[in-house]
Amino acid sequence: MTVEIEAVTRDFGTAATPALRGVSMTLRQGEFVALLGPSGSGKTTLLRILAGLDFPDAGRVLIGGRDVAQVPARARNVGVVFQNYALFRHLTVFENVAFGLRVRPRAKRPDNAEIARRVQELLALVQIPELESRYPEQISGGQRQRVALARALAIEPQLLLLDEPFGALDALVRKEVRRWVRGLHDRLGITSILVTHDQEEAMEMADRVAVMEEGRIVQFDAPHSLLDAPASAFVASFVGDANRLTGSVNGGRLGIEGLGAFDADGLPDGRTDVFVRPDEVRVVPPREGLTPGIVEWSRQADRGRWKILVAVSEHRLEGYAEQPIERGAPCAVELQAMTVFGAQGERVSLSGRLAANSAMPGV
Ligand code: ADP
Ligand code: MG
């Protein structure tokens with residue numbers, strides 16, 4: 001199912017800015033898209049509009065090429081899973097999954113034998129066939145999430161909407177269920193939209209990620225593009241766990257307090273936002289010509305790699321060392337690349353030359 005969202009606005013009148021301010025995006029058939037943004041950025045509102053649970057003040061939504069303005073929720077053939085869309089406690093797993101079929105108008109309702117066949121098929125699909133006669137309180141959080149998915153899939157949706165569906169799961173189960181849901185999406189060939197404020201989840205699961213800020217989509221791109229070419233300081237700060245610093249440009253030189261000065265051709269004079277990814281910060285034992293720091297915290301990340309938090313003047317920088325360096329010990333940092341947003345929002349990526357130019361004591 002393709003999904004086209006055209007200039008959708010929604011104002012509840014409760015906040016200074018509308019919940020959605022002219023959102024447009026197009027999803028391809030079979031695509032898995034994440035809506036990523038902080039709390040209050042409009043993600044749930046957009047999902048509810050797609051589900052037919054809320055309506056835009058202006059703009060259009062087309063699902064499978066059809067304008068759904070006049071199509072009620074139950075006729076949209078859309079499966080929805082909400083984080084707090086609790087299962088019916090008084091119904092067994094089987095009846096929870098069967099629910100969407102039993103409430104159909106009589107003419108479209110399958111008979112009992114057909115419902116049983118469909119439910120068993122779905123429970124096999126979500127890999128919990130043995131739980132059909134249990135009640136929700138008799139199964140784990142991960143299993144409940146699978147039941148909620150089976151229930152959403154019972155109506156054979158072409159579009160699956162997931163609103164922070166993994167929040168109630170602990171970290172290990174969450175990882176497993178995430179991969180499994182993505183695999184299920186691929187096997188069924190459906191189109192899915194996942195709402196999340198967790199960048200790792202969005203980057204891991206989605207083909208493309210729409211980053212939302214205050215009711216707008218500020219970037220809609222493949223995960224690697226968000227990392228390599230963030231459209232704004234907001235996007236750079238929201239994805240990729242980069243160290244954020246401030247600097248100022250003066251005559252083509254970027255100065256960062258305590259860290260040095262760098263060539264920054266093409267950036268106008270003024271204040272800048274600077275992002276340095278942890279894997280672009282090399283932490284080494286103290287060395288002449290490199291910026292000195294103190295190790296605040298250290299842990300082994302992989303074999304032969306330590307993640308280190310370094311204090312450099314008033315900054316805290318996360319980086320990596322190829323050898324353990326004790327907490328409290330002196331060290332040195334080498335910045336290998338950085339992304340800089342100039343005073344007018346223009347982005348410049350600096351790399352390679354940084355080490356050679358970074359040794360400017362007193363800048
Ligand atoms: P998100 O899911 O990204 O956290 P929401 O879409 O839930 O954000 O909310 C976006 C904005 O719209 C918020 O300011 C929120 O308070 C407001 N909002 C959402 N739903 C309603 C509603 N039913 N009535 C009034 N305001 C709402
Ligand atoms: Mg929400």
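This note sets out points on the helices, cores and pockets of a predicted model.

1. Basis. The model is predicted, with local features needing pLDDT of at least 70 and side-chain atom pairs counting only at pLDDT 80 or more, while totals for chains, interfaces and linings use all residues. Residues are numbered from 1 along each chain as its sequence is written, and side-chain values use heavy atoms, with hydrogens and water left out.

2. Helix 2. Buried means under 20% relative accessible area, with exposed over 50% and partly exposed in between (1.4 Å probe, protein chains only). Helices (H or I, at least four residues) and strands (E, at least two) are DSSP runs, numbered from the N terminus. The buried positions are Val-93, Phe-94, Asn-96, Val-97, Ala-98, Gly-100 and Leu-101. Their cover includes helix 3 (112–125) and helix 4 (141–153).

3. Cores. A nonpolar core is a set of buried Ala, Val, Leu, Ile, Met, Phe, Trp, Tyr and Cys residues joined through side-chain atoms within 4.5 Å. The largest one has 45 residues, and Val-97, Leu-162, Val-181 and Val-209 have the most contacts inside it. Helix 4 gives the most to this core, with 6 residues. Apart from it lies another core of 28 residues, among them Ala-264, Val-283, Leu-317 and Leu-335.

4. Val-97. Leaving out residues up to four places away in sequence, Val-97 touches Val-119, Leu-122, Leu-123, Val-147, Ala-150, Arg-151 and Ala-154. Contact here means heavy atoms within 4.5 Å.

5. Largest pocket. A pocket is an open set of points on a 1 Å grid over the protein atoms alone, where a 1.4 Å probe fits, with protein on both sides within 12 Å along at least five of seven lines; lining residues have an atom within 4 Å of a point. The largest pocket has a volume of about 770 Å³. Of its 23 lining residues, Ala-73, Arg-74, Val-78, Gly-100 and Ile-155 lie nearest the centre. Strand 6 supplies the largest share, 5 residues. The lining divides into 16 nonpolar, 3 polar and 4 charged residues.

6. Second largest pocket. About 310 Å³ of space lies here. Its lining draws at least three residues from each of domain 1 (3–233) and domain 2 (242–351), with bounds from an automatic or database domain assignment. Helix 6 (residues 199–205) gives the most, with 3 residues. The lining divides into 4 nonpolar, 2 polar and 6 charged residues; Asp-198, Glu-200, Arg-277 and Lys-307 are among the lining residues.

Methods. Chains are lettered from A and ligands numbered from 1 in the order in which they are written. Grid points are joined across faces, edges and corners, and a volume is the space filled by probe spheres set on the points. Ala, Val, Leu, Ile, Met, Phe, Trp, Tyr, Cys and Pro count as nonpolar, Asp, Glu, Lys and Arg as charged, and the others, Gly among them, as polar.
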